[in-house]
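Dear colleague,

Please find below the structure that I am handing over to you.

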Amino acid sequence: MIAKTIANSKALLASGSKIDENFVYFIAFLYSISTGEIGAIDLFKTGKDSKYGKYSTAFRNTYRLGVGWSYGLASACEMIGRKVSDKKDDPLKLLLVKLSQVIRLGDDMKMFFRDELKNSLLTYSIKYEANLETQKLFSEMFYTLMSTASFMIAANSIMSMLMGFGDSGQILIISMMGTGSGMAVFVTMMFFMFPRDKLAYTDNDIEKKFRMKIYLGIGAALGISSVLLISNIVPPVLAVGLGGIPLLYPGFVAKKTESKIASLTEWYPTFILHFGQLYSTVGSMGQALHAVMRSNFGPLQIFIDSLKNRTKNRIDQILGFELFSIETGNHLIANGNAIFSTSIDKGADMNIVGNVISDVTKKINELRGKRTQNASTFQLVVVILHVLSLSIFGLMNKLTELFNDLSGGDLSNAAFELTPIDPVLMSALMPILVIMTSIISGFSIKIIQGGLYKTVFYHIGLLLAVGGISMYAINIFMAEFLDSIIFTAPVPGI
């Protein structure tokens with residue numbers, strides 16, 4: 001049993017030695033409850049019942065060895081610390097090793113966790129800002145890849161036509177597949193490299209309701225595109241673009257939810273700071289909430305009022321804060337509420353607790369705000385490049401069709417043996433190109449932006465609609481321009 005307990009700790013930090021948001025909140029949790037002057041055993045007992053993933057699991061294993069199997073907490077910390085990771089700079093490994101010395105020497109745990117929180121928050125900020133700089137670099141690389149992809153495909157197709165070797169249509173297909181695969185691999189690299197900020201705190205029922213909206217949007221998109229393609233009412237490119245409009249519905253709902261979460265997170269640090277100060281003064285949660293309600297906390301006000309009413313009706317404190325977290329649907333608020341609620345039970349200094357939660361939430365909000373600014377610029381540039389790239393392909397499609405009609409399908413002469421692309425094949429590939437580039441660009445925007453993954457449907461739907469309409473518009477414009485100006489111009493000498 002002991003060997004199994006230690007072995008289970010080996011996989012706790014498979015993600016590496018990075019300090020993540022969960023670790024920062026876990027240290028804030030330990031510091032907050034330690035202000036209640038609790039003992040080491042009570043600290044580990046409380047920590048093992050928390051919901052911080054691998055960090056709570058490590059404390060659970062340490063408590064089982066140190067208390068359940070009477071190895072002593074100091075020795076258990078060292079044993080789990082050796083097994084939790086092979087990396088010397090692993091944050092959880094270092095925390096357990098240092099904590100074993102604090103317990104063995106009888107040092108003040110409150111001072112220890114205060115310094116640990118300061119260091120972990122600083123390290124998290126440095127790593128997050130380093131990720132933001134890497135994101136900027138990858139964003140510029142993606143701009144370059146997008147802007148050159150269309151010219152690479154066009155150059156390969158034109159050279160295959162002029163040189164007269166091979167099947168130019170096959171070369172066009174291979175060029176599209178190769179360029180698309182390269183962009184997809186690049187976006188996949190971005191997905192695994194950059195952090196995915198968790199925003200929502202939802203239950204299965206809410207997820208199920210939103211999943212139905214996704215199914216509805218995808219079904220409507222496929223239905224509209226299929227009907228337009230089969231009936232041949234509009235060109236295939238425009239049919240694909242119009243089919244992307246229903247995807248905006250689930251994406252817009254997700255963006256609205258994301259915006260609500262962001263607005264609540266902005267007000268929460270001020271509320272929890274004020275609440276902690278008042279609670280430490282009056283010592284009554286109901287009276288503190290009543291006093292808090294005299295101030296205005298924007299969209300958070302209605303949820304605070306619900307918490308106050310539950311408290312007055314003697315609803316269990318832990319349940320009241322849990323319902324508060326579910327109603328707001330905010331992950332950061334849920335973390336802060338869990339710390340605040342547990343700290344009340346442990347008799348912590350609520351003035352310090354309120355300050356700790358407020359400072360951590362403010363810092364995370366600040367870092368996410370910088371990421372949002374970068375993502376807004378990236379989204380605008382990607383949409384512009386998306387329209388320009390598809391316009392180029394629309395121009396290629398129309399030129400291929402017009403020159404093929406002008407020559408009657410035979411462009412070869414004594415000097416050149418040309419192999420033109422079949423206009424039917426070219427037109428058939430354009431909708432596929434719109435879908436491929438819209439999906440890849442949509443996911444790239446979502447990865448840079450972070451947040452709720454469901455908003456990717458908004459970006460894909462927007463890019464499909466804009467790309468399909470722009471390609472259709474360039475086809476019409478070029479048809480009128482070439483027909484009315486170039487091909488009707490008088491030939492010299494005739």
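I begin with K110, which is partly exposed at a relative accessible area of 23%; in these notes, buried stands for under 20% relative accessible area, exposed for over 50%, and partly exposed for values in between (1.4 Å probe, protein chains only). Please note that this is a predicted model, in which local features need pLDDT of at least 70 and side-chain atom pairs count only at pLDDT 80 or more, while totals for chains, interfaces and linings use all residues. Residues are numbered from 1 along each chain as its sequence is written, and side-chain values use heavy atoms, with hydrogens and water left out.

Salt bridges

K110 forms a salt bridge with E37, with 3.7 Å between the closest N and O atoms; the term requires a side-chain nitrogen of Lys or Arg within 4 Å of a carboxyl oxygen of Asp or Glu. Because K110 lies in helix α7 (residues 109-163) and E37 in the loop between α2 and α3, the pair ties together parts that are 73 residues apart in sequence. Helices here are DSSP runs (H or I, at least four residues), and strands likewise (E, at least two), numbered from the N terminus. E37 is exposed, with a relative accessible area of 55%, and has a positive phi of about 55° although it is not a glycine. Most residues other than glycine have a negative phi. N232 is another residue other than glycine with a positive phi, near 60°. N232 is placed in the loop between α9 (204-231) and α10 (236-243) and is exposed, at 58% relative accessible area.

The whole structure contains 15 salt bridges. One of them joins the side chains of E21 and R368 at 2.7 Å, N to O. This pair links distant parts of the chain, with E21 in helix α2 and R368 in helix α16 (residues 350-407), 347 residues apart. E21 is buried, with a relative accessible area of 11%, and R368 is buried, also with 11%. E21, D197, R368 and R371 are linked in a network of salt bridges.

A further salt bridge is that of E116 and K98, at 2.6 Å, N to O. E116 belongs to helix α7 and K98 to helix α6 (residues 91-105), 18 residues apart. E116 counts as buried at 11% relative accessibility, whereas K98 counts as partly exposed at 35%.

Aromatic rings

There are 22 aromatic pairs in the structure. Rings of Phe, Tyr and Trp (its six-membered ring) pair if their centres lie within 6.5 Å; planes under 30 degrees apart count as stacked, over 60 as edge-to-face and the rest as tilted. F26 and Y55 form a stacked pair, 6.0 Å centre to centre with 20° between the planes. F26 lies in helix α2 (residues 21-34) and Y55 in helix α4 (residues 54-68), 29 residues apart. Both F26 and Y55 are buried.

The ring centres of F271 and F275 are 5.6 Å apart and their planes are at 20°, so this pair is stacked. F271 and F275 both lie in helix α11 (residues 248-282), four residues apart, about one turn of the helix, and both are buried. Ring pairs link F271 and F275 into a cluster with Y268, Y279, F297, F321, F324 and F340.

Yours sincerely
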